[in-house]
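User: Could you walk me through this structure? I'd like to begin with the metal site.

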Amino acid sequence: MPELPEVEALAEFLRQRAVGRVVARVDIGSISVLKTYDPPPTALGGLTVTAVARHGKFLDLDVDGLHLVFHLARAGWLRWSDNLPTTPVKPGKSPLALRVLLDDPDVEGRPGFDLTEQGTQKRLAVYVVRDPQDVPGIATLGPDPMADDFDVEALRRIVGGSRQQIKGLLRDQSILAGVGNAYSDEVLHAARLSPFAIAGSLDDAAVERLWTAMREVLAGAVDAARGKPAKELKDAKRAGMRVHGRTGQICATCGDTVREVSFADSSLQYCATCQTGGKVLADRRMSRLLR
Ligand SMILES: [Zn+2]
């Protein structure tokens, strides 16, 4: 799933290619991805893309005051083309969920992008709204950890008194916007904190480490993703990971083996030497199976 750094890079990618162009047509390939009906997607036709913004993991195309907002979720992706076919998209079982055709008087073909979704989970979500705050997931977003005013004190206010495990807190979009399963693993590894540590129990030094790690990990990933075409972002993300998705590999920091804790529909990775004083965390799925 794309998180803050990849969505930021996609926003920049779209800013360079879509802003200033007129929306020729929006085709829906999968009606279930569209979460709003008023205004209809056809209302975007003929209007100019004026800006592209990111809210947490949401992308927001400002189309002359209307907003085409989407969340790629776990299996969604954006595919840009300088020459999209103009034959109408037939709704059906293809991964193509939405196609945005743009007008460009200088080129023969139609530039634009497809939103696609692989797999069966169908969580890709598209909204056409008058105000991005009309999207429920945006209205409830917590602060953006890369915002200029998100200082260590802001993080201290968030974790202070919280009874949540820090891993869950970092992933909670209503607490912090944009961090998901992958970057929370990376941030906690860089901060040398156990994913199961209770947020409110972190001392001042730990909160400072966490803030520094979050800014460094996310800024590094934004830098690595910047300027890359959409299709290369997934590989760039994977290549930058130190523990996430690296179960059984060697921790580059200390040489220990990266371990995993599995849950029903996700898993986390961590390094025991770096993060838990060598303690191996119980894998709840495994212990449930063994019980
Ligand atoms: Zn390590």
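**The zinc site**

Analyst: The four donor atoms around the zinc ion subtend angles of 97 to 113°, which makes the arrangement tetrahedral (for four donors, all angles between 85 and 135 degrees). This is a predicted model, in which local features need pLDDT of at least 70 and side-chain atom pairs count only at pLDDT 80 or more, while totals for chains, interfaces and linings use all residues. Residues are numbered from 1 along each chain as its sequence is written, and side-chain values use heavy atoms, with hydrogens and water left out.

User: Which protein donors hold the zinc ion?

Analyst: They are the SG atoms of Cys-251, Cys-254, Cys-271 and Cys-274, lying 2.2 to 2.3 Å from the zinc ion, where donors are N, O and S atoms within 2.8 Å of the metal (3.2 Å for Na, K and Ca), and sites may look incomplete because water is not among the atoms. Along the chain, the donors follow the spacing C-x2-C-x16-C-x2-C.

User: Is Cys-251 buried or exposed?

Analyst: Cys-251 counts as buried because its relative accessibility is 2%, whereas Cys-254, at 34%, counts as partly exposed (buried is under 20% relative accessible area, exposed over 50%, partly exposed in between, with a 1.4 Å probe and protein chains only).

User: Switching topic, what is Leu-170 in contact with?

Analyst: Leaving aside neighbours within four places in sequence, the contacts of Leu-170 include Leu-176, Val-179, Leu-210 and Met-214, contact meaning heavy atoms within 4.5 Å. Leu-170 counts as buried, at 0% relative accessibility.

Methods. Four donors count as tetrahedral if all angles lie between 85 and 135 degrees; four count as square planar and six as octahedral if opposite donors are over 155 degrees apart and all others between 65 and 115; anything else is irregular.
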